[in-house]
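Q: Could you walk me through this structure, feature by feature, and show me how each one is read?

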Amino acid sequence: MSKIFPPTLHLVVTFVWLIVATYLIFLYAPQEATMGEVQRIFYVHVASAWTALLAYFLIFIGSIGYLWKRRDAADAFANGAAEVGFVFCTCVLVTGPLWAKPVWGIWWTWDARLTLTFVLWLLFVAYLMLRSYVINPARSAVLAAVVGIIGFVDVPIDYMAIRWWRTQHPSPVIAGGEGSGLDPRMWVALLVTWGAFLCLFAYLMRQYLRLAALRREVGRLRRLRRSSQEA
Amino acid sequence: MNGYLVVAYGFVWGIFTFYAWVIHTRQQKLEKEVEDLKRALSTK
């Protein structure tokens, strides 16, 4: 992977993609009639939300993989998805209220979608706290994997919340029924932004996995040094 | 430009840049430790 698509090239592609997405958001997508300019928050808000949900799905996959095979790579994958997913989920929780305040007149309300997204963020926090505070690495990996699997219940409910219940949150742009949907140029801007975020997510995951490999290497070398000192 | 829009985009680009920088710094620290350990082992 590193030979075909080196990290530096990956970073350049991500950067260019993000610039294209920014151009489409601000200069290509039309201004929404009632909300005006502030509606452009939508593109980063929705793209971050979809990426955060995907990240938790990857935690779920990595956690199952770790509990099944006990491979360090699966654990590192889940841990990386948690750390990067936490960043994207934080973006959702910050950009949401910044969009809500001028449109709804309030920063926050405890409706189903908002509450479940907050619960998702808490799940990311719980996962990462377990990794930091449980000293035994094997025990920490098992406990975090359990949180990763059980917590996944929140993801489909969060995704479906605006379809199942009447909420303050706007109706979905995909299969939202009568009156929902987007202008085709808005769709282009949204999908390009999501693509750029997925590319960024993949880049950050790669960097995290490299970090995890370095940690393992440091551990191995330390053990080697200790054994050579004892000999 | 709308203030809420500026804050939202500023936060998003800021947090991504900050996290990428944090990962890069952590990597550099570990790479240095690997080199130091390898040097210490080879001199034994």
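Predicted model: local features only at pLDDT ≥ 70, side-chain atom pairs only at ≥ 80, totals over all residues.

Q: What span should α3(A) have, and how far apart are its end C-alpha atoms?
A: The expected span of a helix is 1.5 Å times one less than its number of residues. The 33 residues of α3(A) should therefore span 48 Å, and the end C-alpha atoms are 46 Å apart, which agrees.

Q: How many helices and strands does chain A have?
A: Chain A has seven helices and zero strands, so that the pattern read along the sequence is α-α-α-α-α-α-α. The C-alpha atoms of chain A fill a box of roughly 75 × 40 × 25 Å, taken along the principal axes.

Q: How do α4(A) and α6(A) cross?
A: Two packed helices are described by the angle between their axes and the distance between the axes. With axes as lines fitted to C-alpha atoms over the stretch in contact, and angles running from 0 to 180 degrees between N-to-C directions, helix α4 (residues 112–133) and helix α6 (residues 154–164) of chain A come within 8 Å and cross at roughly 160°. That makes α4(A) roughly antiparallel to α6(A), a term for angles over 145 degrees.

Q: Which residues meet there?
A: Counting two residues as in contact if their C-beta atoms, placed from the backbone, lie within 7 Å, the residues of α4(A) that meet α6(A) include A:L116, A:L120 and A:L123, and those on the α6(A) side include A:I157 and A:A161.

Q: How many residues of chain A are in contact with chain B?
A: In this pair, 28 residues of chain A are in contact with 25 residues of chain B. On the side of chain A that touches chain B, α2 (41–69), α3 (72–104) and α7 (184–230) each supply at least two residues, and α7(A) gives the most, with 15 residues.

Conventions. Residues numbered from 1 in each chain as written. Chains lettered and ligands numbered in written order. Helix = DSSP H or I, 4+ residues; strand = E, 2+ residues; numbered from the N terminus. Parallel < 35°, antiparallel > 145°, perpendicular 65-115°, else oblique.
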